[in-house]
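Subject: Structure handover

Hello,

Here is the structure I promised to pass on. Please have it open while you read the notes below.

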Amino acid sequence: MPSQAVAAIIAIELPHGQWQDAITVLLQNVSTNNANLKIASLQTIGYVCESIDPEILVTQSNPILTAVIQGANSDEPSQEVRFAAITALFNSLEFVRQNFENEGERNVIMQTVCEATQSPEPTVQVAAYECLVRIMQLYYDKMSFYMEKALLGLTVTGMKHAEEKIALQAIEFWSTLCDEELELQLEEEEAQELGHQLNRQSYQFAKSSLGLVMPTLLFLLTRQDEDADEDEWNVSMAAATCLSLLAQTVGNDIVSFVIPFVEQHIRNPDWHYREAAIMAFGSILDGPDANVLNPLVTQALPVLIEMVKDQVVQVKDTAAWTLGRVCDLLMECIQLGVHLHSLVSALVAGLEDNARIVSNCCWAIMNITEQLGSNSADTYPLSDYFEGIITALMRITESNVNENKSRTSAYETMATLASTGPKDTVPTIGKLGVAILDRLDTTIANASQVVGTDDRVALGELQSNLLNVLTNVTRTLGHQVSEISDRMMTTVLQLLTTSSKQAAVSEDAFLLVGALITALEGEFSRYLESFAPFLYNALQNYEEYQLCSISVGLIGDICRGLGQDAAPYCDQFMTILLHNLESDALSRDVKPGILSCFGDIALAIGGSFESYLEVSFRVLMSACALSANTQANDDDTIDYLNQLRAGIFEAFVGIIQGLKSDNKAQLVLSQAQGLLGFMSIVFNDQTKSDEVTKTMIGLLGDLADAFPNGEIRDYLRADWIQELIKYGRTGPRGSSIREHTRWAREMIKRASS
């Protein structure tokens, strides 16, 4: 479109001080009587506002707003002009903040948008409701007057509109309103925890409007489209999402509106009402207090279980989803002696049903085993059903069909069962491992027959699913996996050879290797020579940085598992890791893990790490300087700096402990002053994470333990160290930070006496 082309040029030139009169010319065009010129100019203004930094247009916000409001006014005879103007207004809402602060100007904007919701042209109405959604998001604090005078009635009416696009935007208004009030609730909780006063107020629009909003939303739940694709957004889906957000926002107050609707329609002969009743019930399970919901859920469970066998797919699907929500949020409501048998039976039967139902039944089973299971327990309530569930899941995954991700869901369920199964399920988990390994071998044998891109993607997804199951099987079996580890590593090496271009498969294969190293420890050494070339290649694969990051973690696993037996590989490890740190081509997110890996290597080879000390200290001190001199201006930078600091501290912890084990701790003494100086900077940084604080306390203890004879006495007497120890002692009773602090305090006391 010409408007987009012109807007793109303006968006490029204005930030560089060029074409300064472009907006002025466009605004003059809006004042003409030429409707087509008006439309094109308003569209161009809208595109510019959408694509350019709002700060660049702030000085022109008044004339832009005037022109847009003029075009959107109800007196404008052309609805096309109104649509273009309302769209431009939507795109300019962020940089007219100053105008919204002025009550008179705000009233004009709100009146114009509200009048546009009554336009005879549906596209204008949709655009106007989109504006209201955005206004609520940006200017919630200014909306009290308008909610009372217009917005409540307009949006409730809009939700009932026969035109779906209008109804969807009106519903979205209430979902957005709930998002804002939920955010305010979180801010209020955080302020109370910190002892601060929140400078914003929640007007509790959602709570005060339930009487008008709820009847409409509940009715909209019955407007399902049985022919619609599951992923196609429609009014009933939007209403269910809004209902869920309302439940989280208003809590217990929503129950009295929903339960009568559920009781009235749960047995309705019309499936639309049956499904709507179940959806309404499932949507309010997160928000109200558990003691309010418990008796209702207990009463509803037998009906919900029965509904999984309904004649209508949509009803069965929603019933399975609701059971999954119950198992996720309110497991305590399920009386195991009363409900578990019928619940599991219904879910397993559902695994043989429509693909949509399979996915929700899988989710429910995962929630049950996650809530009830533990590898350390001898048994659990699902033990009697465990083998039957696995058998059913294996049966439905024999097919190559993955409709609605049902096969993926089934494999995820197997993986979850394997990771949570108690000791009496280990034999079944072992058999599962062998069966999954058989399937993985089959995929490798058949890989040469796969030619199309879609087929290759499907094969890669299947192999990832199988690898994830094997990883969890390995973690649960522990050393018992040695019975099949030779075959498992043979398969992994074949897979890495054939799937070198599929990074996701390689990542999952490496995670399986990590689980094997942890399970086998030193016994893994017999596989390392064959595996090392794949590891080296992955470490140098900068484009697939996630694979590179996993590979760095594998070095740590190898060092922890093999100890001194890892020494022959450490020269190559250190060479590659140091090269990675120096590379600008590698994502910075991988580099903190590399620093931490130095500590793993030092712990494994002890005094032999001396040969790497000089370069390691140089790199670590460079990282300290980078961290100290980087301004934390945004959340991403704060997260990265915390990762970097944790990596630095973990490296020093490993180096100190490793050298101390061979009586070479004195080699670190030259770094103590610089390291403690950096730690004092981190201590005074308010953005440091709890993990960084805990690691720093542990490192202080290691330093004190390494130099018990007063070598760093003066440094340890610094005020900031005493304040840090005092802070650590205030951690929750039994917490790891408190345990770290107790030990560190004793070491510091001894070393500074």
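Aspartate 253 is partly exposed, at 31% relative accessibility. Please keep in mind that this is a predicted model. The side chain of aspartate 253 meets that of lysine 207 in a salt bridge, at 3.5 Å from N to O. Lysine 207 sits in helix α12, and aspartate 253 in the loop between α14 (235-250) and α15 (255-265), so the pair ties together parts that are 46 residues apart in sequence. Lysine 207 is partly exposed too, with a relative accessible area of 44%.

Other salt bridges

The count comes to 23 salt bridges. Side chains of opposite charge can pair when their charged atoms come close.

Arginine 200 and aspartate 141 form one of these bridges, with the closest N and O atoms 3.1 Å apart. This pair links distant parts of the chain, 59 residues apart. Arginine 200 is in the loop between α11 and α12 (205-208), while aspartate 141 is in the loop between α9 (122-139) and α10 (144-159). Arginine 200 is partly exposed, with a relative accessible area of 25%. Aspartate 141 is partly exposed as well, at 36%.

Lysine 664 and glutamate 610 also meet through their side chains, at 2.9 Å from N to O. Again, the pair links distant parts of the chain, here 54 residues apart. Lysine 664 belongs to the loop between α32 and α33, and glutamate 610 to the loop between α30 (591-605) and α31 (613-629). Lysine 664 is partly exposed, with a relative accessible area of 28%. For glutamate 610 the value is 37%, so glutamate 610 is partly exposed. One network is worth a look: salt bridges that share partners join Asp141, Glu187 and Arg200.

A charged patch

Which residues form a negative surface patch? They are Glu172, Asp179, Glu183, Glu188, Glu189, Glu190 and Glu193. Aspartate 179 lies in helix α11, which covers residues 164-194. Aspartate 179 is partly exposed, with a relative accessible area of 39%.

The cysteines

How many disulfides does the structure hold? The number is zero. Cysteine 559 is in no disulfide, and the nearest cysteine sulfur, that of cysteine 570, is 4.8 Å away. Cysteine 559 counts as buried, at 2% relative accessibility. Cysteine 570 is buried, with a relative accessible area of 1%.

Positive phi angles

Most residues other than glycine have a negative phi. Two residues here go the other way.

Glutamate 521 has a phi near 50°, a positive value in a residue other than glycine. Glutamate 521 is placed in the loop between α26 (503-520) and α27 (525-539). At 48% relative accessibility, glutamate 521 counts as partly exposed.

Asparagine 663 has a phi near 60°, again positive in a residue other than glycine. Where is asparagine 663 found? Asparagine 663 is in the loop between α32 (635-661) and α33 (672-683). Is asparagine 663 buried or exposed? Asparagine 663 is exposed, with a relative accessible area of 74%.

A pair separated in sequence

Threonine 490 lies in helix α25, which runs over residues 482-498. Threonine 490 is partly exposed, with a relative accessible area of 44%. Threonine 490 and serine 530 are 40 residues apart along the chain, and their C-alpha atoms are separated by 9.5 Å.

The whole chain

The protein chain has 37 helices and zero strands. Of its 753 residues, 54% count as buried. The C-alpha atoms fill a box of roughly 85 × 65 × 55 Å, taken along the principal axes.

Best wishes

Technical notes. Residues numbered from 1 in each chain as written. Predicted model: local features only at pLDDT ≥ 70, side-chain atom pairs only at ≥ 80, totals over all residues. Heavy atoms only, no water. Disulfide = S-S within 2.5 Å. Buried < 20%, exposed > 50% of the residue type's maximum accessible area, 1.4 Å probe, protein only. Patch = residues over 30% accessible without salt bridge, like charges linked within 9 Å, V, L, I, M, F, W, Y side chains within 5 Å. Areas by Shrake-Rupley, 256 points an atom, 1.4 Å probe, with all protein chains shown as cover. Salt bridge = Lys/Arg side-chain N within 4 Å of Asp/Glu carboxyl O. Lys, Arg positive; Asp, Glu negative; His and termini not counted. Charge placed at Lys NZ, Arg CZ, Asp CG, Glu CD. Helix = DSSP H or I, 4+ residues; strand = E, 2+ residues; numbered from the N terminus.
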